[in-house]
Amino acid sequence: MYFIANWKMHGNLNSINSIDRVIKLSRISKYKKVRIIYCPPYTILGNFVKKTKSSKIIIGAQNCHYRENYGSFTGSINAKMIKDIGAKFIILGHSENRFTGDTNKIINLKVKSSINENLKVIFCFGENFDQRKKSKTFQVIKKQISAGLKNIKKKQNIIFAYEPVWSIGTGMILNSENLEKQILNIKNYIKKKLKIPNPKVLYGGSVNPKNIKNFKNIKSLDGFLIGGASQKSINFIDIIKKMIN
Ligand code: PGA
């Protein structure tokens, strides 16, 4: 089971020691099988890599430029640089980046360059409120997956994160029955379309220590991408413990 902390534009040098408790938890045998991944902002990626070196915690980036090679792109960071700093994962296709201009085509280029660098991709997708209201959810999801992952090699290096846009940071979540159905539909689509025999699909959107019990019985779910509630170790640990115990 994956627990991925997406810190977004939060955290600084002072935040690094706040993950000590999570490192400690990751060493307890009961949690050895849990995959904990931290995706801090670029500025402290290297510090996180060093900090977690002798632990089972893995570090990921939150985005990259679509260009694979170095170039004159002021303020940008490519997948090579992310690999170089020691990160192993990368979040791509997040709705907050789609909102600021990432099209399916751009995301596709980002996935390709990340896969070429042997990074593991956390591929995000999900419908917004309007699309949901118009019953276009599955149509949108299919398009994001098929276009975003067109002609991708090493598909086993992709894990999927279903994040309904209306659920991110709002406190609203799908009820467990609907979510279970949705995850199964998504898995079937990925199996058929991308020929990945056993895809890992996570859920993201307002997951917190209070609502985590709603997800406990969803067998098809492989983990969570957690924003707000991952910034405080105490909440992140609470979520992990409530899911695993
Ligand atoms: P949230 O964010 O947990 O704060 O809703 C999740 C995400 O955007 O990945």
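Visitor: In this predicted model, which backbone oxygen does the side chain of Ser 26 reach, and how should I read such a contact?

Guide: The general idea is to look for a pair of N or O atoms within 3.5 Å. Here the side chain of Ser 26 reaches the backbone oxygen of Ile 23 at 2.6 Å, and Ser 26 itself is placed in helix α1, which covers residues 20–26.

Visitor: Is Ser 26 buried or exposed?

Guide: A residue is called buried when its relative accessible area is under 20%. Ser 26 has a relative accessible area of 4%, so it is buried.

Visitor: What distances separate the polar side-chain atoms of Lys 8 and Glu 163 from oxygen atoms of the ligand?

Guide: For Lys 8, a polar side-chain atom lies 2.7 Å from an oxygen atom of the ligand, and for Glu 163 the distance from a polar side-chain atom to a ligand oxygen is 2.7 Å. An N or O atom in the side chain of Asn 6 is 3.3 Å from an oxygen atom of the ligand. As for cover, the ligand taken alone exposes 280 Å², and the protein buries 95% of that.

Visitor: What volume does the largest pocket have, and which residues line it?

Guide: A pocket is an open set of grid points, found over the protein atoms alone. The largest pocket has a volume of about 280 Å³, and its lining consists of Asn 6, Lys 8, Met 9, Pro 41, Tyr 42, Thr 43, Gln 62, Asn 63, Ile 91, His 94, Glu 96 and Asn 97. Its lining divides into 4 nonpolar, 6 polar and 2 charged residues.

Visitor: Which helix gives the most to the lining of the second largest pocket?

Guide: That is helix α4, residues 95–99, which gives 4 residues to the lining. The second largest pocket has a volume of about 200 Å³, and the residues that line it are Ser 95, Glu 96, Arg 98, Phe 99, Gly 126, Asn 128, Gln 131, Gln 144, Val 165 and Ile 168. These residues divide into 3 nonpolar, 5 polar and 2 charged.

Visitor: How many cavities of 30 Å³ or more does a search of the whole structure find?

Guide: In a cavity, unlike a pocket, the probe fits but cannot get out. The search finds 1 cavity of 30 Å³ or more, and the largest cavity has a volume of about 30 Å³. Gly 93, His 94, Ser 95, Arg 98, Cys 124, Phe 125, Gly 126, Glu 163 and Val 165 line the largest cavity, and the elements that give two or more residues to this lining are α4 and β5 (120–125). By class, the lining has 3 nonpolar, 4 polar and 2 charged residues.

Visitor: Which lysines have a positive phi, and where do they lie?

Guide: A positive phi deserves a look when the residue is not a glycine. Lys 154 has a positive phi of about 45 degrees and is placed in the loop between α7 (137–148) and β6 (158–162); at 33% relative accessibility it counts as partly exposed. Lys 195 has a phi near 55 degrees and lies in the loop between α8 (176–194) and β7 (201–204), where, at 64% relative accessibility, it counts as exposed.

Visitor: How far apart in sequence and in space are Lys 105 and Gly 148, and Lys 232 and Ser 18?

Guide: Here one sets the separation along the chain beside the C-alpha distance. Lys 105, in helix α5 (residues 104–116), is 43 residues from Gly 148 in sequence and 6.3 Å from it in space, C-alpha to C-alpha. Lys 232, in the loop between β8 (223–226) and α9 (233–244), is 214 residues from Ser 18 in sequence, with 7.6 Å between their C-alpha atoms. Lys 105 is exposed, with a relative accessible area of 68%, and Lys 232 is exposed, with 56%.

Technical notes. Residues numbered from 1 in each chain as written. Predicted model: local features only at pLDDT ≥ 70, side-chain atom pairs only at ≥ 80, totals over all residues. Heavy atoms only, no water. Polar contact = N/O pair within 3.5 Å; in protein donor to acceptor, adjacent residues only side chain to side chain. Areas by Shrake-Rupley, 256 points an atom, 1.4 Å probe, with all protein chains shown as cover. 1 Å grid on protein atoms, 1.4 Å probe; cavity = no way out; pocket = protein on both sides within 12 Å on 5 of 7 lines; lining within 4 Å. Points joined across faces, edges and corners; volume = space filled by probe spheres on them. Nonpolar A, V, L, I, M, F, W, Y, C, P; charged D, E, K, R; others polar. Buried < 20%, exposed > 50% of the residue type's maximum accessible area, 1.4 Å probe, protein only.
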